[in-house]
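Q: I have a structure to go through with you. Could we take it piece by piece?

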Amino acid sequence: MQLADFGNRIPTLSFEVIGTEDAGPDVGVDLRPLFAEVLDDVEVALPLDGIAGLSCEGTLADTLAKIAPAIPFDCDVSGDVLSIRGRPAAAVIALGEPAISVADDAFGSQQGYLRRRRAATATIPASLRYYDLDRDYQPGLQVAPGQAGPGQSGPADVPLVMSAGRARDLAADMARRSATSVQSLAWRSAELNPAITSGAMVT
């Protein structure tokens, strides 16, 4: 392209992509084709309900890192294939009684478990920047309802196309995770349950 007419500067180019088969935003985007180009042995069970589109720039890891704040997921390599699952898991597993340890350096030696609560951090934002489906894919911003908590960071930029209502729900979910992530529970168990993997829900 000759750039003399543009002052020897690269002009701004815009284009529009029109899909011929639109399944609708309620069905969601299927991420499996993205993984198929990178990995062979992978199972993807990450539902993106209400997501009408995805902008994928850079590596697959970069794209997943941008999605994770809004739609968290877990990776499991305990089996023969890499398993990527959304949260929560399908079933809630009941833990056995905590095992007591007599070691001097063991955590929660008398109870078998240890609770911790840390100060609020800025790891999970409470606002979401996205592509608005109803505004011709223009950038939109949704803030979680309620009072802003301490230590919250800036908005999460997710390369997802969705409606304003769906983005508002995701922003509210991020705010709830921000409030509960400051609490942790370490549980000592003497039983090995193969069903308890990364991201499993327990009680």
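Q: Which residue stands opposite aspartate 76 in S4?

A: The model is a predicted one. In it, serine 83 of S4 is the residue opposite aspartate 76.

Q: In which sense do strands S3 and S4 pair, and over how many bridges?

A: The pairing is antiparallel and runs over four bridges, between S3 (residues 73-76) and S4 (residues 82-86).

Q: Staying with aspartate 76, with which residue does arginine 85 form a salt bridge?

A: Arginine 85 bridges to aspartate 76, and their closest N and O atoms are 3.7 Å apart.

Q: Is aspartate 76 buried or exposed?

A: Aspartate 76 has a relative accessibility of 11%, so it counts as buried. The cut-off for buried is under 20% relative accessible area.

Q: How many salt bridges does a search of the whole structure find?

A: Four salt bridges are found.

Q: Which side chain meets arginine 129 in a salt bridge?

A: That of aspartate 157, at 2.5 Å from N to O. This pair links distant parts of the chain, as arginine 129 lies in strand S7 and aspartate 157 in strand S9, 28 residues apart.

Q: What are the accessibilities of arginine 129 and aspartate 157?

A: Arginine 129 has a relative accessibility of 34% and counts as partly exposed. Aspartate 157 is partly exposed as well, with a relative accessible area of 42%.

Q: What about arginine 176, with which residue does it form a salt bridge?

A: Aspartate 173 is the partner, and the closest N and O atoms of the two are 2.1 Å apart. Arginine 176 and aspartate 173 are three residues apart in helix H3, so about one helical turn separates them. Aspartate 173 counts as partly exposed, at 25% relative accessibility.

Q: Changing topic: which residues touch the most other members of the largest nonpolar core?

A: Phe35, Ile71, Leu128 and Met162 do, in a core of 27 residues. At least two residues of this core come from each of strand S1 (42-45), helix H2 (60-67), S4, strand S7 (127-132), strand S9 (156-162) and helix H3 (164-180).

Q: What does isoleucine 71 touch, leaving out residues up to four places away in sequence?

A: Isoleucine 71 touches Leu46, Pro47, Leu48, Ile51, Leu160 and Leu170.

Q: Now glutamine 142. Where is its place, and is it buried or exposed?

A: Glutamine 142 belongs to strand S8 (residues 138-143). With a relative accessible area of 14%, glutamine 142 is buried.

Q: Which residues does glutamine 142 touch, again not counting those up to four places away in sequence?

A: Its contacts are Ala126, Ser127, Leu128, Tyr130, Ala164, Ala167, Arg168 and Ala171. Leu128 was also named above for the nonpolar core.

Q: Last topic: what volume does the second largest pocket have, and which residues line it?

A: Its volume is about 370 Å³. The lining consists of Asp74, Arg87, Arg176, Arg177, Thr180, Ser181, Gly199, Ala200, Met201 and Val202. Two or more of the lining residues come from H3 and likewise from strand S11 (201-202).

Q: Which element gives the largest share of that lining?

A: H3 does, with three residues. Arginine 176, one of the lining residues, is also the salt-bridge partner of aspartate 173.

Definitions and conventions
Residues numbered from 1 in each chain as written. Predicted model: local features only at pLDDT ≥ 70, side-chain atom pairs only at ≥ 80, totals over all residues. Heavy atoms only, no water. Pairing = 2+ DSSP bridges. Buried < 20%, exposed > 50% of the residue type's maximum accessible area, 1.4 Å probe, protein only. Contact = heavy atoms within 4.5 Å. Core = buried A, V, L, I, M, F, W, Y, C linked by side-chain atoms within 4.5 Å. 1 Å grid on protein atoms, 1.4 Å probe; cavity = no way out; pocket = protein on both sides within 12 Å on 5 of 7 lines; lining within 4 Å. Points joined across faces, edges and corners; volume = space filled by probe spheres on them.
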